[in-house]
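Please examine the structure shown below. The briefing that follows covers one residue and the contact between two chains.

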Protein chains: 2
Amino acid sequence: MGEKMPDMDTVTDDRAQVLDAADSLFYDHGIQAVGMDRIRDTARVPLKRLYRVFPSKAELVEAYLRRRDVRAREALRAHTDRYAVPEERVLAVFDWLHGWYSLPEFRGCPFSNAFGELGRDSEPVARAVRDHMTAVRDHLYTLAAETTAPDPGSLARQLHNLVAGATMLAAIHDTPESALHARESARILLDALPTRSG
Amino acid sequence: MGEKMPDMDTVTDDRAQVLDAADSLFYDHGIQAVGMDRIRDTARVPLKRLYRVFPSKAELVEAYLRRRDVRAREALRAHTDRYAVPEERVLAVFDWLHGWYSLPEFRGCPFSNAFGELGRDSEPVARAVRDHMTAVRDHLYTLAAETTAPDPGSLARQLHNLVAGATMLAAIHDTPESALHARESARILLDALPTRSG
DNA sequence: TACACATGAGAACGCCCGTTCTCACACCGC
DNA sequence: GCGGTGTGAGAACGGGCGTTCTCATGTGTA
C-alpha cells in the first residue's frame, strides 16, 4: 500500500534528461569513454535516480541507439519527402548526408561507431545496429521502387553501400565531400535505369 | 661495456611472435577487450620481454595496424595484378573483397573497427587509419587511371565509397553479398565511361 | 664453490568504472 | 513534535587492466 509511486511525469522527464545527456556524450566521445558519473553530472540527476530509470548502462546504450534510429530516419524521410520526382527523391538522400557530414558535431555514424566498440560482446547492441541498417535499407527500397528500376531491391542495396561508405569515409577524413561522390555515383546508377517509356 | 645486447634474431623473433598474437586477438575480439596478459599468454612470451619489444600497448596497436595495412594492400595488389584489362582490374577489387568477406575469420575492416574504438582519443590510431584509407584510395586511383575515365580521381573516390560501404555492411550483416552489389555498381560506373575509341 | 647478472613467472600497484551502499536530511501524516 | 520513508551526495566495493616490481632461479666464469 505504502507503495511510493514516483510521479509519472517526473520519471519521463528524468528519462529524457538522462537520454539527452547520454546521447551527446556517447556520440561525441564514444560509449566506453563515457562513465555513468559523467552522465550523472551532465544530466544533473543523482546516480540513484539514473539507475532507477535505466537499470544498467547497457540499457541506456540501447535506448540511445533506438532513439537515434528513430530520429535519423524521421529526419531523412522528412528531407526526401520534400521532393516528388523519384530520381530527385533518391538524390535527396545524398544531399541530406552532405548536410549531416557538414555539421560541426558530426562524428560518423553512431551505429557503426557503436558496432565497432561493442558489437562483438553485446548482442543487444549488434541487434540495434542491424535493425537500423535494415530500416534504412527499407527506406531506400521504397525510394528505389518508385523509379523504373527492374530490381528495386538490388538498387536499394547498391544505394545503401554508397550511403554506408560515404558516412565511413566522411568520418575518417573529416570532410563531407564523400557525399558528393556518392551522389554522383547514384546519379549514374539512376541514369543507367531503363527509361520510363521503354 | 658489460652492455647486455640481446640477440638480434631473438628480438625480431619476439616481435613477430607478439605481433602475430596481437594481430589475431585484436582483430578477433577488439583492441580494448584484449589485455596484455592475454597477448602474453598467446605469444608465450614473458611480460618483461613483451614490454622490451613494445614499450606500451599503444605502440603495439600501431604496429598491428601498420602491418595490417601493408599486408592488405599487398594482397589486394596481388589479386588485381592477375588481370590485364583495366575494367577487369577494377572489378577484381570486388572479387577480392567477396573472398575476404567469405572467410570465417572475417570481422569487418580492422581499420574502421580500430577507428570506432580508439580513433577519438588516439591520434596515432586515427593517423594510421587515415593513412591506410589514403593508400587504398591511391591504389584505386592507379586502377582508375588505366581506364578511359576523364577524371580518375573522382572515379577512384566513388570506387572507394563502394569498397568502404560494402565492407561495413558485410561486417554488420555478416554476409559477403554486399561485395556483389558493390561490384554491380562498379560495373555500371565503368559502363558509363566514354568509349576508348571516342 | 662463489659471484654477477639477466631472466621468468607472477604478484603488486594505480587507476578507472559500473554498481551498490551509507548516512544525514527533508518531508509526510498524526 | 515525531517516527517513518524516500532522497541526494558521495563513499565504497569489486573487477579489470596497463605497467612495474619482487625474487627465486639459471648460467657463465674464475
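A:Arg44 lies in the loop between helix 2 (36-43) and helix 3 (47-53) of chain A; helices (H or I, at least four residues) are DSSP runs numbered from the N terminus. This is a predicted model, in which local features need pLDDT of at least 70, side-chain atom pairs count only at pLDDT 80 or more, and totals for chains, interfaces and linings use all residues. Residues are numbered from 1 along each chain as its sequence is written, while chains are lettered from A and ligands numbered from 1 in the order in which they are written.

**A:Arg44**
- A:Arg44 is exposed, because 9 other C-beta atoms lie within 10 Å (exposed means 12 or fewer, with C-beta atoms placed from the backbone).
- A:Arg44 and A:Trp96 are separated by 52 residues in sequence and by 34 Å in space, C-alpha to C-alpha.

**Interface of chains A and B**
- In chain A, 36 residues are in contact with 36 residues of chain B (contact means C-beta atoms, placed from the backbone, within 7 Å).
- Helix 6 (110-118), helix 7 (123-146), helix 8 (152-173) and helix 9 of chain A each give two or more residues to the side that touches chain B.
- Helix 8 of chain A gives the most to this side, with 14 residues.

**Helix 9 against helix 9**
- The axes of helix 9 (residues 177-191) of chain A and helix 9 (residues 177-191) of chain B come within 10 Å and cross at roughly 80°; axes are lines fitted to C-alpha atoms, for helices over the stretch in contact, and angles run from 0 to 180 degrees between N-to-C directions.
- The two helices are therefore roughly perpendicular (65 to 115 degrees).
- A:Ser185, A:Ile188 and A:Leu189 make the contact with B:Ser185, B:Ile188 and B:Leu189.

Methods:
Angles under 35 degrees count as roughly parallel, over 145 as roughly antiparallel, 65 to 115 as roughly perpendicular and the rest as oblique. Two residues are in contact if their C-beta atoms, placed from the backbone, lie within 7 Å. A residue is buried if 20 or more other C-beta atoms lie within 10 Å of its own, exposed if 12 or fewer, and partly exposed in between; C-beta atoms are placed from the backbone.
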